Amino acid sequence: MAQTASAQEPILIWGAGAIGGILGAYWARAGIPVLMVDIVEDHVRACRTSGLNITGPVEAFRQVVPSVTPAELQGRFSTIVLAVKAQATDSAMQMLAPHLADDGFVLSAQNGLNELAIARVVGNARTMGCFVNYGADWLGPGEILFGNRAAVVVGEIDGRVRERTQRMFALLQVFEPNAVLTDNIWGYLWGKLAYGAMLFATALTHDSMSDNFADPRRFVVFDQLAREVMAVASARKVTPVGFNGFDPACFAPGAPEQGARNSVAALAEFNRHTAKTHSGIHRDLAVRKRRTEVDPQIGVIAELGAEAGIDTPVIRRLVELIHDIEDGRRPMAFETFAELIASCDKPRPQAAGMSA
């Protein structure tokens, strides 16, 4: 079933999983033309026939959404939302680039700094940033759990606000009425990197995100991970922005410990009220038995830190431990988390130019 852009051109969503699938279902239900692309044929078939079934405490509904596989896609599109896993960004961009109109753009609805990879293919002017923090899981063909509402932010990577930025902001408000339009999308993305590093740590065990954040033994890990990310962000002249209990200022170089404890406690409380009790990283490791996004999401922080002269020992150790679990060398258990605790004995990182 080949699909082409119609007179009323649809938004093309590349990746119909937890993030892209929910956006597609909400937009389609609102009467906004949308076309989803996904590599899982059974999922594509379900979405376009019986419909995409959204479940969970936020809202439950089934919505038929036009969907195709990459091989079936035809035409060029002005608005493409990229919603694949970070490690699939490069391959997805190679497939979707021929379908991007000359005056079009790609919006990254992903975790990490994927805007950098997108811009390398289509250019900065055709790349838009987006930050999403709502909880969702792809459960199977035509089934997505919508666990909780959370921050949704959109902004241009050069900080300017254009007509297209306003248009995407209005579209995101259809899904999330409290969506934010920002001139500092990098600040949100770096804030999410720090929180994301914490979530990778929670996936080292089978405990819930909330239980991880509430355990005083594990605080030192969450504190150190966030401080390492904030030190790298500071060296890169980025001002991170907080959301949903995470306050980046509490983890800035030299910030007192009590503020960090308060922020981690707030994260424990926020995650206590979601049907998505474990991260998507945990699901990748424990349920889907596949490799995670740890290298493009977390490993990149260590690389950028090295460029700026910032050491990130706990982030580097976290990446190693996730790979150990992926390869079957370590279990998902507190004993693995304890390895990360042991790596927190070194002094806290300092931003470039700051005294030790």
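Which residues in α3 meet which residues in α4? Thr89, Asp90, Met93 and Gln94 in α3 meet Asn114, Ala117, Ile118, Val121 and Val122 in α4, where contact means heavy atoms within 4.5 Å. The structure is a predicted model, in which local features need pLDDT of at least 70 and side-chain atom pairs count only at pLDDT 80 or more, while totals for chains, interfaces and linings use all residues. Residues are numbered from 1 along each chain as its sequence is written, and side-chain values use heavy atoms, with hydrogens and water left out. Helices (H or I, at least four residues) and strands (E, at least two) are DSSP runs, numbered from the N terminus.

The residues of the contact of α3 with α4 comprise 5 nonpolar, 3 polar and 1 charged. Here Ala, Val, Leu, Ile, Met, Phe, Trp, Tyr, Cys and Pro count as nonpolar, Asp, Glu, Lys and Arg as charged, and the others, Gly among them, as polar. Two packed helices are described by the angle between their axes and the distance between the axes. For α3 and α4 the angle is about 35 degrees, and the axes are 10 Å apart. Axes are lines fitted to C-alpha atoms, for helices over the stretch in contact, and angles run from 0 to 180 degrees between N-to-C directions.

Helix α8 (residues 219-235) comes within 9 Å of helix α13 (residues 334-342), axis to axis, and the two cross at roughly 55 degrees. Helices α8 and α13 are therefore oblique to each other; angles under 35 degrees count as roughly parallel, over 145 as roughly antiparallel, 65 to 115 as roughly perpendicular and the rest as oblique. In this contact, Val220, Val221 and Phe222 of α8 meet Phe337, Leu340 and Ile341 of α13. The contact residues are 6 nonpolar, with no polar and no charged ones.

Helix α8 also packs with helix α12 (residues 313-326), at an angle of about 115 degrees and with the axes 8 Å apart. On the α8 side stand Gln224, Leu225, Glu228 and Val229, which meet Pro313, Val314, Ile315 and Leu318 in α12. This contact has 6 nonpolar, 1 polar and 1 charged residues.

The largest pocket holds about 1,000 Å³ of space. A pocket is an open set of points, on a 1 Å grid over the protein atoms alone, where a 1.4 Å probe fits, with protein on both sides within 12 Å along at least five of seven lines; lining residues have an atom within 4 Å of a point. A volume is the space filled by probe spheres set on the points. Of the 50 lining residues, Ala18, Val84, Lys85, Arg290 and Glu293 are the closest to the centre of the largest pocket. Helix α6 gives the most to this lining, with 5 residues.

The second largest pocket has a volume of about 230 Å³. Its 13 lining residues include Leu113, Asn114, Ala117, Arg120 and Pro296, the closest to its centre. Helices α3, α4 (114-122) and α11 (294-308) each give two or more residues to this lining.
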